[in-house]
Amino acid sequence: MKIPNFSTKVTGPELGAALRGAGCAVVRGAFDDTVRQQLASELEPHIGRADPEAGRAMNAVYEAEGGLGYTNFYQGKTRRVISLIKKSPTFRRLATHPIAQLACEQSLKANCVSYQVHATAAFAVEPGAGQQVLHREEDPFRFIPMPRPNLVTATMWAVTDFTEANGATRLVPGSHLWEQSRVPREDEIVAAEMPAGSVLFWAGGLLHGAGANRSNAVRCGLFVSFSVGWVRQEENHYLEIPVAEALELDAGMRDLIGYKMHTGLGFSEAYWG
């Protein structure tokens, strides 16, 4: 199965059908060179300080805590930076991008009153980085059997070109509809190749993983995932962005990172706004 590929003229029903059917989609031309330069300028100091071999220590902690059955989950030669809502004002424009909103409305709103930012990260993947194990964004929710209602929608924004050679994200289209135990054949795995300025969407139940960078250039991508409003966010935005700083954000951004009641006893969206 191929990865559906669209321009920014894609309609909600078209994008929703792709995410329900293939479980993934690429939208080309989502952000331009000016935005990419602003992102690079804001994030370069953080990426420059990141240890490309920190993944080795992260693996040890991850595996000691159970690791959801995975080993060597984090690859070396990869600089990772989290908490991008706090660190990059321009990144906030990606999290609230009309195409991202369109995808979330189609993929998440059937299962919640409102959705939220789940996790964020920047990845600078250097030559020689290895291949990541296939996994699902929703693996922490394995107590809900597969196939399950969509709880997470993930995105990867291509700051550089993504090619098979430089480790473009490997996806298994349709695997969000499988039973948990089904193992993909090699011919079912597809590299999400896309030019810089594109965005890749995938369903939380879809098997995926970073590819190996066999090129001589760094591949850079920005990740933001969204989840239904009734699950605990993977990234703790309330510690990263305390109230005093959150008040400096616009109301829509505050709501998106979780500074809003989702629902509860006596909740009325019409009343609370």
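Of the 273 residues in this protein chain, 51% count as buried. Buried means under 20% relative accessible area, with a 1.4 Å probe and protein chains only. This is a predicted model: local features need pLDDT of at least 70, side-chain atom pairs count only at pLDDT 80 or more, and totals for chains, interfaces and linings use all residues. Residues are numbered from 1 along each chain as its sequence is written, and side-chain values use heavy atoms, leaving out hydrogens and water.

Now the overall build. The chain has 10 helices and 10 strands. These are DSSP runs, numbered from the N terminus: helices are H or I with at least four residues, strands are E with at least two. The radius of gyration, over C-alpha atoms, is 18 Å.

Next, contacts, meaning heavy atoms within 4.5 Å. Take those with a separation of 6 or more: 78% join residues 24 or more positions apart.

Which order do its three strands take? The order is E7-E6-E9, in an open, antiparallel sheet. Strands pair if DSSP finds at least two bridges between them. E7 (190-191) and E9 (208-209) are the edges, each pairing on one side only. Strand E6, residues 170-171, pairs with E7 over two bridges. There, Arg 170 stands opposite Ala 191 of E7.

Conventions:
Rg over C-alpha atoms; globule rule 2.2 N^0.38 Å. Buried < 20%, exposed > 50% of the residue type's maximum accessible area, 1.4 Å probe, protein only.
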